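Hi,

Here is the structure I said I would pass on.

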Amino acid sequence: MKVSSISKQIMQGAKLFRMPRRCNHTLPATSQIKVNNWNVALSEAEKIVGYPTSFVSLSELVQNDPTDKAVHIRKLIASDHPVLKTMKRLIYDGKNNMQARGMLILLLSHSITDAPVSNEQRKLAEIVEMIHAAQCIHKSIVDTPKNSDQNFVEGLQNIEYGNKISVLGGDYLLANALVGMSTFGIPKIIDLVAHAIVEFIEGEFMCKEDMDGNKIPSEDTIDITYWEKQWKLSAGSLLSAGYESSMLLAKQPQDIQIAAKNLGLHTALAIQAYDEIRIFSHSSGNQFSFCSAPVIFHLQEDRELLHYIQQFQDDLSQVDYNKVFNAVIGGNGLEKAKELCEEHVDKSLKYLKEFPDNNGRKAYEKLLSALLRK
Amino acid sequence: MATSSPFRIATKKLLAGNGRSIVSKSGAGNCTWNLDGMAARSMSTLKGSSPEQRRNVHHNLAFNSDPAPKRLNVMENLVSDIHHSLKRSDTLLNEMSVYYFNGEGKFIRPRLTGTMAGAVNCHLGIEGDAELERKQRIISMVSEMWHTSSLVHDDVIDHAESRRGYQSVNDKWGAKRSIFTGDYVLAVSVKLLADTQNPKVIETMSQILSDLVNGEFQQMSNREDDEDRFQLYLDKTFNKTASLMAYSCKSVAELAVPETRPPSPIPHWAFKYGENIGLAFQLIDDWLDFVASADQLGKPAGADLKLGLATAPVLFAKKEFPELAHLINRNFKMEGDVEKAFETVLKSSGLDETKRFAKEYATKAISDIKELRESSYKDELRRLAESTVERCS
């Protein structure tokens, strides 16, 4: 389904029918440079802890199929719903980058026990990845306009079908995550992870978004503490909870649990900053978030540009992205963002020192230092 | 025509059989009333009300009667406790998350769970254990919260415009935020569940979430064969409705029974009761979808049919009227399908068979708990099972 097939009348009345283009910054984007320090460090880590089993649940989804899920996936592919891009990123786009969260948890557990990673730890790593995937999938849902004649617009049916699969797909992953966690026999883990989900959703409600779900910058958002709060909720929380849970599984004392929790938070923030910086390391032409760190730092000193962007707050796709891109490159926003990344890498290293100095820890350190270079 | 409708017959029987007055101050927002008053009120709500509203009246007839004072308090505080647990600084999230917990639900699941807890505690002679009751109450809260969050997701999936007579959450605030709201309610309730500190119970309850999702997928599937189709319907019904009741009942029992070898059979009795009552409940719900609509003078069409769903009355009717197969297979999508299916069902013995089937499950449910010690809670469990079916002649 392409935009042109939608009735002109609907287009005029309801702009929402254009399939939204969204920037979901998460751990390193795979669509860009394949070989970089991060990927290299990640593959080395894999050699140490093995490969986190990739989405066993999702492939089961398609194979043992008493509920015809495969049929729905095929139908979904025929539509053009944003969730497809999300799922592609999560499933097909190479084992390396998209399993980073799980990998980090495995490294940490390996480091603390200095022993081969247990099955329980692997399960935990997979669960954290599942929850992250569920969150991404639920984020892909498109708001549909009201009062539309359903028979008229084929495009609307595609959106609604895609939404349905997104809702159920995310719910399926969340349900499986809970079932998985309940087998550990440690209620605190469930409490931690559930709390992380609560915080993620609080993060989602925090920022004002345009109709496509892109964040609108404002006086509030260009404060870097706002950025840190946002990403603590949206990314740091889950990784923290994963790390702390891993230490609980490994029966570690409380000071290690706390160190792990803080390590998770700062690692997530460092990675987020890294990911946002990388957008600007390549040529312009792509959409990016106006609430990303380089942009925020720039806008702090360029209110005129902020007001320019805000003019289009209903539909940020109308903004001249090249203009903003070049302005950011020309200013010192990028530099400050790199400092921010460095700050969180340093904090992470500090907490990492509480873990035994072995291969696991070294591999983790390597990953962190990969974030400091281009 | 109007005077002989099934609904009126049912009410007359209820009136004839139960002369006592009914006092109900449940948190569901119902006022004090006696049977006659209730019937009168029910009659007057018939005109101009939606099929869903009429179903609510049917349900309320069944579930609002002579509750023990203790349970009254449980229901009253339930809503405020749920609100409290969902409290958050973000005002929009707060507003959206409590939107469906406005006290106007039927609270069937907490009622069942709370009553089962009472019956089991009585049987074991351990009433008055505050810590146990706190944990059992958590299960009641969680059962209602999970039910409600699934309603939120269902409404997004079905593009529902209204629920319980109000604007639906997705209609008011959009699909994406509604999904996140559902996830939020789920996450908060999972935290509460963790607070029971009982891994076994957490494991039991978590099965529900998996069943709920599988049920939705099953609802989207089709089967060719009659027997397959009916089995799919039952599986789906278990997953979507009975599972929550079964595992919640099992959980409150698991919390109460001591660790023994061999393990106590009580959680299993509780599970079976919940399962059978859940199946009976859904069968009657499917029955009501036809009957309540038929009451609306001259406008036939059940909500389930409109959604393309072939429920028990249709599946039974197909045995007498095989031509329904085509309509079922195309999910009643063609023009006139819904009306034709509706009329055919009413002509057939599909509704009677559905009711008979429901009665069987209700009877099973009562037999499942027969070995529990006699108590007012056990009486209530029996009454709940009976009234699940009795609310239709």
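Is A:Ser246 buried or exposed? A:Ser246 counts as buried because its relative accessibility is 0% (buried is under 20% relative accessible area, exposed over 50%, partly exposed in between, with a 1.4 Å probe and protein chains only).

Before the rest, some housekeeping: this is a predicted model, where local features need pLDDT of at least 70, side-chain atom pairs count only at pLDDT 80 or more, and totals for chains, interfaces and linings use all residues. Residues are numbered from 1 along each chain as its sequence is written, chains are lettered from A and ligands numbered from 1 in the order in which they are written, and side-chain values use heavy atoms, with hydrogens and water left out.

Back to A:Ser246: you'll find A:Ser246 in helix H11 of chain A, residues 224–249 (helices are DSSP runs of H or I, at least four residues, numbered from the N terminus). Leaving aside residues up to four places away in sequence, A:Ser246 touches A:Ile105, A:Ser109, A:Gln121 and A:Leu124 (contact means heavy atoms within 4.5 Å).

Now the interface. Chain A and chain B put in 44 residues each, and they bury about 3900 Å² between them, 70% of it on carbon and sulfur atoms (the accessible area, 1.4 Å probe, that two parts lose on being put together, summed over both). On the chain B side, B:Lys176, B:Phe180 and B:Phe217 lose the most area to chain A, together 19% of what that side buries.

B:Lys176 also forms a salt bridge with A:Glu209, at 3.6 Å from N to O (a side-chain nitrogen of Lys or Arg within 4 Å of a carboxyl oxygen of Asp or Glu). The two chains share two salt bridges.

Cheers

Methods
Helices (H or I, at least four residues) and strands (E, at least two) are DSSP runs, numbered from the N terminus.
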